[in-house]
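Take a walk through this structure, one element at a time. Have the sequence and the 3D view open side by side.

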Amino acid sequence: MSGVQPYDIDSLKVDPKPLLDGCSERLPCETCGKKTKFFCYFCCKAVAPLEGKIPQIRLPFKMDILKHAKELDGKSTAVHAKIVAPEDIDIIIYADACLRNVDPTRTALLFPGPDAKDIADLDPLSFDRIVVIDGTWSQAKGMIHNNPRLQLMQKVTVKPRKTRFWRYQNLDESFMATIEAIYFLYRDSVGDSYNGEYDALMFFYKYFYDFIQSEYAANPEKPYHSKHQQGYIAYDKAVPSKNPRPRYQDTRAKVNYEFDELGLDAVFDQE
Ligand SMILES: [Zn+2]
């Protein structure tokens, strides 16, 4: 989208590198035993050496992140928020009854559209929590269609920013990764007085972003795959791949491919 600017990821008041660089091994999750790097996507828990060391913050309002049951095995950046702000973020598996204790008149739903208010314009006294749907667009629409509570909620949105997400998107690039949208919801809710209070939400995201950027800067001969956004990898000698890989229909396969190459877990949001 022209006119939508990327945000300044370097100025975030968060420095994940010293801690996470020291944790290069995949370690078993203490709860489920699955080997993982940094944290378990399923239990939303840091691996033992990181326990007590990841920044922990409180947020000005609660958030429920609704996951579609079909995406349970998906690795989503929404988990970053739960690990950094466990007291205020809940990840909930969507079911018809899952919001029965939520007052829809006091809850806003992150969902862009003509009837959505910018978070900056929403009276902070008018809501106690925000629901974020973490799934594909069609899953999100299906959930809203089937759930009268979701339909009753005031829709809210954030100002578009160009995503820093490191995968090819066949959507408008102002579609953000879930953690970016969550972060900007909190940041924009504060307005001009914001002073980095919620930057820790981007702790893992910034690390993965910097990691991939430096990986490419150190290996300028690395083929520039078509799935990267144009201009995304900021080094001078970007060479287009002679044999670009197919643009996978399946986002997961596409991103896992890249992360397998880099030895990292995939981090992606579902379209
Ligand atoms: Zn686990």
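Predicted model: local features only at pLDDT ≥ 70, side-chain atom pairs only at ≥ 80, totals over all residues.

An open sheet of 6 strands runs through it in the order 6-5-9-7-10-8, with parallel pairing. Strand 6 (89-93) and strand 8 (117-118) are the edge strands. Each of them pairs on one side only.

Strand 8 pairs with strand 10 (residues 154-157). The sense is parallel, and the pairing covers 2 bridges. Here Lys117 stands opposite Val156 of strand 10.

Helix 5 touches strand 5, strand 7 and strand 9. Its direction makes about 165 degrees with that of strand 9.

Is helix 5 enclosed or open to the outside? Of its 13 residues, 11 are buried, so the helix is largely enclosed by the rest of the structure. A residue counts as buried if 20 or more other C-beta atoms lie within 10 Å of its own. The buried residues of helix 5 are Thr178, Ile179, Glu180, Ala181, Ile182, Tyr183, Phe184, Leu185, Tyr186, Arg187 and Ser189. Their cover includes strand 5, helix 2, strand 7, strand 9 and helix 6. Gly191 follows helix 5, and its phi is positive, near 80 degrees.

Next, the core. The largest nonpolar core holds 56 residues. Leu110, Ile130, Val132, Ile179, Ile182, Leu185 and Leu201 touch the most other members.

Pick out Ile130. Which residues does Ile130 contact, leaving aside its neighbours within four places in sequence? They are Phe61, Met63, Thr107, Ala108, Leu110, Val156 and Leu185. Of these, Val156 is the residue opposite Lys117, and Leu185 is buried in helix 5.

Finish at Pro160. This residue sits in the loop between strand 10 and helix 5. Is it buried, exposed or partly exposed? Pro160 has 17 C-beta neighbours inside 10 Å, so it counts as partly exposed. Tyr7 lies 153 residues from Pro160 along the chain, yet their C-alpha atoms are separated by 10.0 Å.

Conventions
Residues numbered from 1 in each chain as written. Core = buried A, V, L, I, M, F, W, Y, C linked by C-beta atoms within 7 Å. Buried ≥ 20, exposed ≤ 12 C-beta atoms within 10 Å, placed from the backbone. Contact = placed C-beta atoms within 7 Å. Pairing = 2+ DSSP bridges. Helix = DSSP H or I, 4+ residues; strand = E, 2+ residues; numbered from the N terminus. Axes fitted to C-alpha atoms, helices over the stretch in contact; angles between N-to-C directions.
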